[in-house]
Amino acid sequence: MKYMGSKNRIASEILPIILEGRKPEQWYVEPFAGGCNLIDKVDGNRIASDSNEHLIELFRALDKGWQPPDFVSEDLFKEVKTCPDLFSLHFIAFVRFGCSFGSDWNGGYARNVKKDAPGAEILNSGAKSYCRQSKNNMLRQIESLRGVRFENRAYSNLYIPDNSIVYCDPPYAETTQYAQSGFDSGAFWQWARDKSLEGHSVFVSEYTAPEDFYPVWEKEIPSSLNNQTGSSKKATEKLFVFNDIY
Ligand SMILES: C[S@@+](CC[C@H](N)C(=O)[O-])C[C@H]1O[C@@H](n2cnc3c(N)ncnc32)[C@H](O)[C@@H]1O
């Protein structure tokens, strides 16, 4: 699913590192699952959790066979934003992620061409519309998520089975996108230490980490491919693990 900060583009590089040596029954857990763009490429025992209730309800609904609409008008898009009480959580999530520009919860109504451009009505509502592409994309993706246990929890309240592989993709500390989200990075890194010491294999995607974490993978990503930066700079994506003998 298109999602801000999606790890789809680096999945093939980091997953072999994260999953190396995974035992057959070992759980793979994502406390910041977002658009599930990594966990949909993993099999076996899996938990996808996120603090966004709407998002998790959307995955649960899709898993139960819910079919998203083919078209959402701009008026309906606005109504969903202004009168959320009138709609189900999964429908709100579909509209706000699937029909918004950049798949941004706070983004504007997405259209392929300007309202008054020739053929606009067909282009903006037809088979290639944002809405239809999102629908098709989600229906395809849900097939790769069968059997996943979906949880709606803050990472710190998530139950993690013993000796799990835990992949964390939290809101990045140095990005404008999450600047006002109030995410406490210090508390998160302490939790990642604690989980590592409990015996889980913990991996964290970030640009920077405290000194007692070290990168096992890194790559410079052009900002056009990385929508977490919110800037025009290139950013080096890293995958960190805790160094318990630090
Ligand atoms: C960078 S996105 C994850 C993207 C995902 N890896 C993907 O590829 O689609 C970070 C996610 O963390 C979630 N989040 C933010 N604060 C959280 C918290 N305290 N506990 C759990 N999830 C949280 C957000 O809702 C968001 O979906």
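Two strands are said to pair if DSSP finds at least two bridges between them. Strands themselves are DSSP runs of type E with at least two residues, numbered from the N terminus. The model you see is predicted, so to speak of local features a pLDDT of at least 70 is needed, side-chain atom pairs count only at pLDDT 80 or more, and totals for chains, interfaces and linings use all residues. Residues are numbered from 1 along each chain as its sequence is written, and side-chain values use heavy atoms, with hydrogens and water left out.

Let's start at strand E1, residues 28-30. E1 pairs with E2 in the parallel sense over three bridges, and here Val-29 stands opposite Ile-47. E1 also pairs with E4, again in the parallel sense, over two bridges; Tyr-28 stands opposite Ile-165 in that strand.

Now follow E2, which spans residues 46-49. Are its two faces covered or open? Both are covered: Arg-46 and Ala-48 on one side, and Ile-47 and Ser-49 on the other, are all buried, meaning under 20% relative accessible area, where exposed is over 50% and partly exposed lies in between (1.4 Å probe, protein chains only). E2 has a parallel pairing with strand E3, residues 149-151, over three bridges, and Ser-49 stands opposite Glu-151 there.

Finally, move to E4, residues 165-168. Ile-165 and Tyr-167 point one way, Val-166 and Cys-168 point the other way, and all are buried. E4 pairs with strand E5 (residues 201-206) in the parallel sense over four bridges. In E5, Ser-201 is the bridge partner of Ile-165, the residue that also stands opposite Tyr-28.
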